[in-house]
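Thanks for coming. I will walk through one model, taking the chain contacts and then a pair of helices.

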Protein chains: 4
Amino acid sequence: MARVAQAGDRVLLIDRRHKRHIITLEPGKAFHTDRGVISHDALIGRPYGRQVHTHLGEPFTVLRPSIADLAKAVRRTTQIVYPKDSGYILMRMNVGAGARIIEGGTGSGSLTVVLAHAVMPTGHVYTYERRPEMSALAARNLAKVGLDRYVTLHVRDIRDGFVEDDVDGIFLDVREPWLYLEQVTRALSSGGFFGALLPTTNQVSALLAAMHSGPWCDVDVVELLLRRYKPNPERLRPEDRMVAHTAFLVFARYVISGSSGAAPSPPPQEHTLSDGG
Amino acid sequence: MARVAQAGDRVLLIDRRHKRHIITLEPGKAFHTDRGVISHDALIGRPYGRQVHTHLGEPFTVLRPSIADLAKAVRRTTQIVYPKDSGYILMRMNVGAGARIIEGGTGSGSLTVVLAHAVMPTGHVYTYERRPEMSALAARNLAKVGLDRYVTLHVRDIRDGFVEDDVDGIFLDVREPWLYLEQVTRALSSGGFFGALLPTTNQVSALLAAMHSGPWCDVDVVELLLRRYKPNPERLRPEDRMVAHTAFLVFARYVISGSSGAAPSPPPQEHTLSDGG
Amino acid sequence: MARVAQAGDRVLLIDRRHKRHIITLEPGKAFHTDRGVISHDALIGRPYGRQVHTHLGEPFTVLRPSIADLAKAVRRTTQIVYPKDSGYILMRMNVGAGARIIEGGTGSGSLTVVLAHAVMPTGHVYTYERRPEMSALAARNLAKVGLDRYVTLHVRDIRDGFVEDDVDGIFLDVREPWLYLEQVTRALSSGGFFGALLPTTNQVSALLAAMHSGPWCDVDVVELLLRRYKPNPERLRPEDRMVAHTAFLVFARYVISGSSGAAPSPPPQEHTLSDGG
Amino acid sequence: MARVAQAGDRVLLIDRRHKRHIITLEPGKAFHTDRGVISHDALIGRPYGRQVHTHLGEPFTVLRPSIADLAKAVRRTTQIVYPKDSGYILMRMNVGAGARIIEGGTGSGSLTVVLAHAVMPTGHVYTYERRPEMSALAARNLAKVGLDRYVTLHVRDIRDGFVEDDVDGIFLDVREPWLYLEQVTRALSSGGFFGALLPTTNQVSALLAAMHSGPWCDVDVVELLLRRYKPNPERLRPEDRMVAHTAFLVFARYVISGSSGAAPSPPPQEHTLSDGG
């Protein structure tokens, strides 16, 4: 949470036309724009939240990127998970410091970055990807943002199962998640959180069908729409165009079949309210 | 992250009709439903993710609630912040372990719960509320979920300024946030994250007008829509009705006016790409 | 378009709490409310756009209902087609005065009312319903709004085909429209408009699959969301809740396979623009 | 409703990549594409709903355009009214054959085309535009689609009032509709339909404020969102991007203040239901 830009930092630069650039500070390097150049050395050691100028005098504001900025800025060869979706995944799957989370389908690592940021400093993310070059790309993306220590990258087909067990949550971002539900239930703690991201309605139907009458509870299918407004106080209105669809999200809790405990003895006298205790 | 229900735990019970109940386990107490009674003692010591039955044989699934469940279940006398919004706030304001965050307008504490969960174990939330009884309610809500140690509750009008300074982010959920921008900039670190939640378009316009030509950058106005689907694989369709509006969210970065550093010396030879460095 | 209420008119009455009532004026009858009674005779002969009072002094505004009001007010035992959807159907299927339109699945007749209003005075709607009691209900609904002369109601299973042919458009609001595409193409003019209303994604997939590689062009799947705002100038904001889903709409044009005409002779000199002619 | 393409027809041509072209057939002319040329003479006299080929063999499907196609294809120098909005305007303002409608703000005439199509053959549209060149453009757009006989184009500032009176409905698509409410009420029939299209929330607030405590009833503010799906039966999903905002629509009924008729005499015996009569 340093307030001063340091070598190795991922830094967000915003120009006068609100265009965003994220760079990693390296002594001796330079950031080239179509309006001039800024040397990294001019940034290193400076406090955040100030303007710098290119050698042609063009101003840029220098900021620490948010985790949303970082997740969107990963180098990618796959579709990324958008902040509107990943923020909700954190909430629904209870991802916080100390959590142990498995991710199936590392891809470029945009969700991995968000999960790692959320479980640090005491939790861990175990992420699976069968394509070595994709896993290597995600590894570089994680290292760039300094979150690699909270992540184990497996180059492994999840068909062969997960190495960890008793984890708090498993999230799948793969084409056919319904094929791996057995692997999921072997690795997930009793009562643990399951989630999946699916672009098409056919995939949602296939996953729901596979989960039907299985060890699942609290099954929920949602999608999130983010609508952005033009920030003009006298002419406030939604943007003309928006991202209309990223993916559907499916959530469920893993419930071990069979009852736990006999019927309780007759109720005591003192009542508690059903909605609050 | 205990896997076994313990006295003092907030526990989620889901019945056959998918109705949700959150209770706090207390030895000797009982959970009364319209289909019979479950004694807390029958739950304490049991693993999560199993079913229990009332004395009339009705099954309930016993789960650890997610942070989304907890935030929605606070005892409240005010409008709560919904998980779709609070998850996105975490992402945009970079709220993670170690962050120091000020919240203006504690209300019932539903967002406070989420912020505390996100900054633990090394960060802290400072929350302001001028109504003592409201602050006391939020304190009880935080204690119930075991997050009170990460939160300082101030009973204080934010008109009088914030006690802390150099914090990472400030989020305002008050009726007229535009009145307190000076207080915000005195307490916020250079480059820090500002956010506000506003139900009406008039409030958004008023806040944007007050921020105009002030020390703000990257101003963004959004709203999130959550659409839920009926989880029926053969008849997949959105729910008939949905929550159509909770609030607009305004985000910005605090930028100290004036430049930091002179124009850099002529650019070095080695190039870096503007979008990745 | 009479400006004075007449016996037999469908009349819209709006009370102080914005509640809407639609009645048919009949001499000697009375409209009973929980705030008193209005005799129909007090309304007959009065100009529209005025207030009347119950015998207890409660004011009601008297208006001619719009076609949207009428379509929503049909007596129904089935799901109706909402104005947001039926207005778009008119636009996309080119329903105007003089058009001959087949509707498969009369139901309660809410869409039939809209179609009849749009094709009058020179067009006609042919609507099919296999349940006699449903067709009779729709007939009464059409008579009530004075549009029955523009509609032929068939009590007939569309599996047995349509009686008319060479119609301008065919719209199906039935559970399995993909079963009747042959019947559709026998009755539809070359180039004619096809439309269908489907609640679930599975139905949309099934219809698209059946249309695939068939005589269809310009296939389009849409849904419309209507968001209502609280009309308060100082506190403008969307309503808290909304209808999140009524149905998906599928549109297509019927194209007779095989080419019409040989390749044209070499182009003449004078050019025309491709987007405007 | 001719089934055969004729000289003067507006014709829709769709290519293999689903691109749409609208042209007016003129003997001796040619339609030039990047895949070859089609002579208009090869189209004139041919039935609709067939394919033709360019001299290079590229197929195009030939269709009569819908009113939605025509409204979107007007030559324009202003923002057009989208079919999703104009279809709903027809429903809410009861625009049908025989209606007399005033439009304030002709613009390029895209809504004028839709209104004319809906009121024909017995109604009429009176449209006002103060910029002569804009009115002339709309006149040409109306003539092209053969609807000019149902429209009177006034080149006149609506500040000076409308020429007609006692019309069924008035729709304003102008920047500051709140300035012309007096002109509206002088021209609108008692109980008539008022509507307005407004891009920004500030305009909606200003109009609502001006209507407050005026002769208005049943005031309603809505917006319509059209979501399009990729028509792939095995991979059904919403399009990636959508038009997120066109405009807000405000509707109201004009009510002449003061009561019409005394309180009715005591109610007769026979009851009618308040929701159906």
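**Chains A and B**

Strand β12 (residues 216-230) of chain A pairs with β12(B) in the antiparallel sense, over nine bridges. Two strands count as paired if DSSP finds at least two bridges between them. Helices (H or I, at least four residues) and strands (E, at least two) are DSSP runs, numbered from the N terminus. Within this pairing, Val221(A) stands opposite Tyr229(B) in β12(B).

Before going on, some housekeeping. This is a predicted model, in which local features need pLDDT of at least 70 and side-chain atom pairs count only at pLDDT 80 or more, while totals for chains, interfaces and linings use all residues. Residues are numbered from 1 along each chain as its sequence is written, and chains are lettered from A and ligands numbered from 1 in the order in which they are written.

Back to the contact. In it, 100 residues of chain B meet 98 residues of chain A; contact requires that the C-beta atoms of two residues, placed from the backbone, lie within 7 Å. Strand β12 (residues 216-230) of chain B gives the most to the side of chain B that touches chain A, with 13 residues. By class, that side of chain B has 47 nonpolar, 36 polar and 17 charged residues. Here Ala, Val, Leu, Ile, Met, Phe, Trp, Tyr, Cys and Pro count as nonpolar, Asp, Glu, Lys and Arg as charged, and the others, Gly among them, as polar.

How is chain B laid on chain A? A turn of 180° and a shift of 0.0 Å along the axis does it, with an RMSD of 0.0 Å. The two copies are therefore related as by a two-fold rotation axis. In chain B, the C-alpha nearest that axis belongs to Gly87(B), 2.1 Å from it. The same surface serves both copies, since 98% of the contact residues of chain B recur in chain A. Superposition is by least squares on the C-alpha atoms of residues with pLDDT of at least 70 in both copies.

**Chains A and D**

Chain A is superposed on chain D by a rotation of 180° with 0.0 Å of shift along its axis, at an RMSD of 0.0 Å. Of the residues of chain A, Met242(A) comes closest to this rotation axis, its C-alpha being at 2.8 Å. Again the same surface serves both copies: 100% of the contact residues of chain A recur in chain D.

This contact takes 17 residues from chain A and 17 residues from chain D. On the side of chain A, α7 (201-211), β13 (237-238) and β14 (241-243) each supply at least two residues. The largest share, three residues, comes from β14(A). That side of chain A divides into six nonpolar, four polar and seven charged residues.

β14(A) also pairs with strand β14 (residues 241-243) of chain D, in the antiparallel sense, over three bridges. There, Arg241(A) stands opposite Val243(D) in β14(D).

**Two helices in chain A**

Last, helix α4 (residues 110-119) and helix α5 (residues 132-144), both of chain A, pack at an angle of about 40° with their axes 9 Å apart. Axes are lines fitted to C-alpha atoms, for helices over the stretch in contact, and angles run from 0 to 180 degrees between N-to-C directions. That makes α4(A) oblique to α5(A); angles under 35 degrees count as roughly parallel, over 145 as roughly antiparallel, 65 to 115 as roughly perpendicular and the rest as oblique. The contact is made by Thr112(A), Val113(A) and Ala116(A) of α4(A) with Ala138(A), Asn141(A) and Leu142(A) of α5(A).
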